[in-house]
Amino acid sequence: MKHKDLLGIKDLSRGELTEILDLATYMRDIIDRGEKDNSLRGKNVATLFYENSTRTRNSFELAAKNLGATTTSVSVAVSSVQKGESLVDTGKTLDALGMDAMIIRHQVAGAPRLLAETVRASVLNAGDGMNEHPTQALLDLMTALRHFDSLAGLKVVIVGDIKHSRVARSNVEAFGKMGAFVTLCAPYTLLPEMVERLGAKYETDLDTAIAGADIVMPLRLQLERMNQALFPSIEEYHKFYGITSKRLKLASPDAIVMHPGPINREAEIAGDVADGDKSVIEEQVTNGVAVRMAVLKLLIEARN
């Protein structure tokens, strides 16, 4: 991989996706053996999160530590950002401190790209606004490949708050490049304008969308990004768009259920489905560490 940064799935070729996934598989084996890879010993990695995060932030920090790197967590709430420091100046400060990689989550789409154009360090996008979340898509690909021999021809159904979802956008790109067919399903109020430009089919009836699906991925309702009521109630949303055991019977017999987390039980997914034998949600979390180990190693070593 020749890139300095990982900003979006749209920037990666199918060959580069495969390269990352192959290394991530090796990293997963290391994790399963309880071992560490110290190939980034002496390197410095900073996490810079302008939005709340549990899984992604901890996953990146654990990935860096598993590679032997030193991690620095910048808490925006108590940093110079609160004194008016710009993203660019924060990046320059971290560069001057000798960071080899900066992992950023920001509420504004394009912020990671701006940072990448400013700093010498490698920049990894941990989610920017409603734009992309590339490592989530990569871990979703990895998880799928652990259950299917190939992604080519698989039917992937992403259900829920498509309008506000960077995960949906990255997954449409990622699964599409690997030969899968993606269907987006949501009420019209939760579909983005000109949804067809995302490069996937869309459907408003979940029973129709889920029929024969190999991978079902419900999304969290991002209430924090909504400035108006886009559906009557959580109960009604669950009735028509929640993934339930009954509805899951319409999917392929070998179907798996993914979720980027955090999950809201009895909203986008029923509790018995989240905990059921078709759920791979916990596996996704472990695979996330392996994927983030892979991209950190590839990007940092490519700069040396």
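1. Let me start with a term: a residue is buried under 20% relative accessible area, exposed over 50%, and partly exposed in between (1.4 Å probe, protein chains only). At 3% relative accessibility, Tyr237 counts as buried, and Tyr241, at 11%, counts as buried too.

2. A word on the model. It is predicted, so local features need pLDDT of at least 70 and side-chain atom pairs count only at pLDDT 80 or more, while totals for chains, interfaces and linings use all residues. Residues are numbered from 1 along each chain as its sequence is written, and side-chain values use heavy atoms, with hydrogens and water left out.

3. How many aromatic pairs does a search of the whole structure find? The search finds one. Tyr237 and Tyr241 form this pair, which is stacked, at 5.7 Å centre to centre and 25° between the planes. (Rings of Phe, Tyr and Trp, the last by its six-membered ring, pair if their centres lie within 6.5 Å; planes under 30 degrees apart count as stacked, over 60 as edge-to-face and the rest as tilted.) Both tyrosines lie in helix α8 (residues 234–241), four residues apart, about one turn of the helix.

4. Now have a look at His259. His259 counts as buried because its relative accessibility is 2%. The side chain of His259 makes a polar contact with the side chain of Glu268 at 2.7 Å, and also reaches the backbone nitrogen of Gly261 at 2.8 Å. (A polar contact is a pair of N or O atoms within 3.5 Å; within protein, one must be able to donate a hydrogen and the other to accept it, and residues adjacent in sequence count only if both atoms are side-chain atoms.)

Methods: Helices (H or I, at least four residues) and strands (E, at least two) are DSSP runs, numbered from the N terminus.
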